[in-house]
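Hi there,

I am passing a structure over to you, with some notes to go with it. Have a look at it first, and then read on.

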Amino acid sequence: MFGAGAMTNSIPEIRDADLLFVIGSNTTEAHPIIAMEMKRAVRRGAKLIVADPRSIWLSEIADLHLQLQPGTDVWLLNALAHVIVTEGLTDQAFIETHTENFEAVIEAVADYTPEKAEEVTGVPADMIRQAARMYATTRKAGIYYTLGITEHTHGTENVYGLANLVLMTGHLGVRSAGMNPLRGQNNVQGANDAGASPIYYPGYQRVDDPVSQAKFEAAWGVPLSPNDGMNLNVMMSALAKGEIKGLFVMGEDIVLSEPNAEKVERGLNQAEFLVLQDIFVNETFRFADVVFPAACFAEKDGVITNSDRRVQRVRKAVEPPGEARPDWVILCDLARAAGYPMPNYADAGEIYAEMAALSPKFAGISHDRIGEDGIQWPCPDSEHAGTPTLHMDGPIRGKGEFQAIHYRPSAELPDEEYPLLLSTGRTLYHYNAATQTRRDAGPVAKQPRNFIEVHRRDAKRLGISHGETVKVSSRRGELTAEVWVSPRVRRGCVWMPFHFGESPTNRLTNDAGDSVTGTGEYKVCAVRIRALQPAATPPA
Amino acid sequence: MSAPLPDESFTLTINGQQTQARQGERVLGVAGRLGIEIPTLCEDSRLDPVGCCRMCLVEVGGQRRLQPACTWRAEAGQDVTTESPRIERHRKLLLEMYLADAPPVTDPHPLTPLNEISRLAEAHGALDRFPAACSEREGREDANPYIGFDPELCISCARCVRYCDEVEAVSAITLAGRGAGTTIATAGQIGLLDSTCELCGGCIDTCPTGAMHEKKPLAHTRTDSEVSTVRTTCNFCGVGCQLDIKVQDGRVVQIDSPPAGETLNDGNLCVKGRFAYDFIHHEDRLKTPLVRGADGNLREASWEEALKRAAEGLLGVKERHGADALGFVSSSRCTGEENYLVQKLARAAFGTNNCHSCAAT
């Protein structure tokens, strides 16, 4: 709606914000250092609005906690827009100058009254009104979101809903405001920037654009396909259907990390060839035909791009173990073994230079220029200092287009057979497949095994107690986990992390994908809990 | 006369130099801008100033007593002196009292944080000449694997406690006891693992004496070999914290944050960034290429063999089913250059746009 998926503003601006609207982000656990900036802002007097189905650390210090039913985000966001529109809190000058299609949103949100929203989301109507007024009337008001917004079958609508709020209040091109997706992994931004995408070459240039295609064909010396590729979720489905026959996977445990793990395994079983490149054995190994041992971040050079578009250096500190090699060296060798003349790059800096020369957004960035500070893109030439805040001069390239959205229920909701709604996420102490964090004493001491957060009334009804191991199942699979009776979840909802190979939460999750991005619905699926057979009574 | 507006600046004099300051600014900060260094112990730019260590006392015109520069607000027309025989006498005596209370370790470990008291004592000619203060402070072993506390080095500046309250905001630790016996503890004397502590290690980062210290490096490193530092970017979440990796004998022995104010993480790190580095040298790391043998098991192979097998396998799929029967999954855990190469591999070497990563946020 107004450019590439990236934070419009910068992390250091957070401390000066007057209002933080944090939605679908458990920031203290998933982005602890950004959370520290938020804590600092709140300590300084900034208002904090948290929208999350769970009670999280930030909701404890929030002015308002909109504890919505999972998957009802569109209702909440449209109701917020409804209040802003009906109470005349919009920034008319901004809307007229910089946006189009606002009328469609006015029409779309007309029926999303706070009272009706309360029925669907469970958030009191007055609280919705208050949140809308606070957000609309504060100038330095920033939105911060992460996978709680995007990992839904309506993830794209959720993002549109947030962008509508930003545009109608003119919270763009203002320091400490804007729309800020916090990227989940160290180089999510950089992977997208570099063209690890089925539809974009490096620098967000479309593969179906003949001009871009010609440019990359000239640079790489081979004809290229003009057809859009498959995104990861579609690729996993195609694998299960037998349409994908060969797979190369670098640095991801797809069996543990992709939703509906059983389907992924089924696909891998019938694949003809699988190449893996990783630093540890993982759950996907049993399907591999070839495995390359790679260097970890401390053993190689390169760049990483963080959530606020900051290109920063990774520097080699130690040698890789045994015969392990940096991923970039392996990739070049593999290309050559397959008959493609990959250039003899002397170091990672030369690879970056090749990419930068093909990507106007990063054309001014080089290893030498990054130095100790990093550079935030866009950075079009070597004189440009980088861009901490987007849209500062004339907020938008062209016009920001409003998108009218409507609520669609999540793909799978609780029913009689599977009566509980499961959401999943990361914890502070572990990291994704946890091959790294489960090899360190602290995270293991804090969280040794998989658990499921359950509301006390649900626990009572099911006859299960805190610390007990139970069987959790969905239509796609089952596993055992330890019960944590927790005040953090809503009644009828349960929550699990996904870090534990022996109890893989993604056996349960739903791979139904977002209609645009294909991102799986990790945040909503239906499960049931059964107590395991009680152990035999110990002899008296 | 009405008070100046917050943004309105005014003039004051520090060590004879006229300078500008804004309403609400403290003398320490204004002097810092002029490049005037005032020694401090309890000050940390991330924390509210408390003025408890008395190290930064300066002369303020019109004030009979010395005043702490960290808490004293700059005012229009003020005349501040930061160096004088009187101030120097004060600093030396104060440091000698700190030395009596918390004598620095004579043979410090190469990875223990710099003891600020030793450094300042040397700079100001303070001697360890007073008998040890009475304090037998209470210390206790804590089962957590990362954070250690040596009560004998503690000067009760409370930087750790204030960091835990104000920055990490989990309030896991507190000052306990009174007088010379004041120490750092958890409420109810529970272990850190059972407290609200999130093991961020900020208490270690801010401690000026090394009383709060890391347990891991002390167990792993030698005292007689050099430690080098490499600045890099953390490999966990998308914040992009900068790290200083400490290397000894080819091994990562510690990970530290660059000083506060230098990088976007402002001296802060989380439990994963600061402590979860054992994986780097873990014995489970993959060390040789593997290929699936005729018996169905993965066996070790040479790079040459593994690369050949991989290329032939993928090209075979392409020949039999077309390029779009191949998929390439790149990684948002790897570098930008590596992601560039995976997509180039998919597109240029194998002819498909089926290239994505776990980066669908």
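Below is what turned up, taken by topic. Please keep in mind that this is a predicted model.

**The sheet in chain A**

In chain A, five strands make an open sheet with parallel pairing, in the order S3-S2-S1-S5-S6. Its edges are strand S3 (64-66) and strand S6 (179-181) of chain A; each has a single partner strand, so one side of each is left without a neighbour in the sheet. From one strand to the next, the twist averages 15°. At the S3 end, strand S2 (residues 47-51) of chain A pairs with S3(A) in the parallel sense over three bridges, and Leu64(A) in S3(A) stands opposite Ile49(A). Helix H8 (residues 125-137) of chain A packs on this sheet, where it touches strand S1 (19-23), S2, S3 and strand S5 (141-145) of chain A. The direction of H8 makes about 120° with that of S3(A).

**The sheet in chain B**

Chain B has an open sheet of five strands too, here with mixed pairing and the order S2-S1-S5-S3-S4. Strand S2 (17-22) and strand S4 (67-68) of chain B are at the edges with a single partner strand each, so one side of each is left without a neighbour in the sheet. Strand S3 (residues 57-60) and strand S5 (residues 79-81) of chain B are joined by two bridges in the antiparallel sense; Val60(B) has Val80(B) in S5(B) as its bridge partner. Helix H2 (residues 85-101) of chain B lies across S3 and S5 of that chain, at about 160° to S3(B).

**One cysteine to look at**

Which loop holds Cys53(B)? It is the one between helix H1 (27-33) and S3 of chain B. Cys53(B) has a relative accessible area of 2%, which makes it buried. Leaving aside neighbours within four places in sequence, Cys53(B) is in contact with Thr40(B), Leu41(B), Cys42(B), Leu94(B) and Tyr98(B). Its C-alpha atom is 8.9 Å from that of Pro68(B), a residue 15 places away along the chain.

**Nonpolar cores**

The largest nonpolar core has 113 residues, and Leu20(A) and Phe292(A) touch the most other members. Among the residues that Phe292(A) touches are Val275(A), Ile330(A) and Leu334(A), as well as Trp303(B), Ala306(B), Leu307(B) and Ala310(B) from chain B.

**Aromatic rings and charges**

Over all chains, the count of aromatic pairs comes to 19. One of them is Phe297(A) with Phe279(B): the ring centres are 6.4 Å apart and the planes are at 25°, so the pair is stacked. Phe297(A) is in the loop between strand S11 (290-293) and strand S12 (302-305) of chain A, while Phe279(B) is in the loop between helix H7 (271-275) and strand S13 (290-292) of chain B, so the pair joins two chains. Both Phe297(A) and Phe279(B) are buried.

Tyr200(A), Tyr204(A), Phe362(A) and Trp377(A) form one aromatic cluster. The charged end of Arg206(A) sits over the ring of Tyr200(A), 5.8 Å from the ring centre. Elsewhere in the chain, the charged end of Lys39(A) sits over the ring of Trp57(A), 4.5 Å from its centre.

Best wishes

Definitions and conventions: Residues are numbered from 1 along each chain as its sequence is written. Chains are lettered from A and ligands numbered from 1 in the order in which they are written. This is a predicted model: local features need pLDDT of at least 70, side-chain atom pairs count only at pLDDT 80 or more; totals for chains, interfaces and linings use all residues. Side-chain values use heavy atoms; hydrogens and water are left out. Two strands pair if DSSP finds at least two bridges between them. Helices (H or I, at least four residues) and strands (E, at least two) are DSSP runs, numbered from the N terminus. Contact means heavy atoms within 4.5 Å. Axes are lines fitted to C-alpha atoms, for helices over the stretch in contact, and angles run from 0 to 180 degrees between N-to-C directions. Buried means under 20% relative accessible area, exposed over 50%, partly exposed in between (1.4 Å probe, protein chains only). A nonpolar core is a set of buried Ala, Val, Leu, Ile, Met, Phe, Trp, Tyr and Cys residues joined through side-chain atoms within 4.5 Å. Rings of Phe, Tyr and Trp (its six-membered ring) pair if their centres lie within 6.5 Å; planes under 30 degrees apart count as stacked, over 60 as edge-to-face and the rest as tilted. A charge sits over a ring if NZ of Lys or CZ of Arg is within 6 Å of the ring centre and within 35 degrees of the ring normal.
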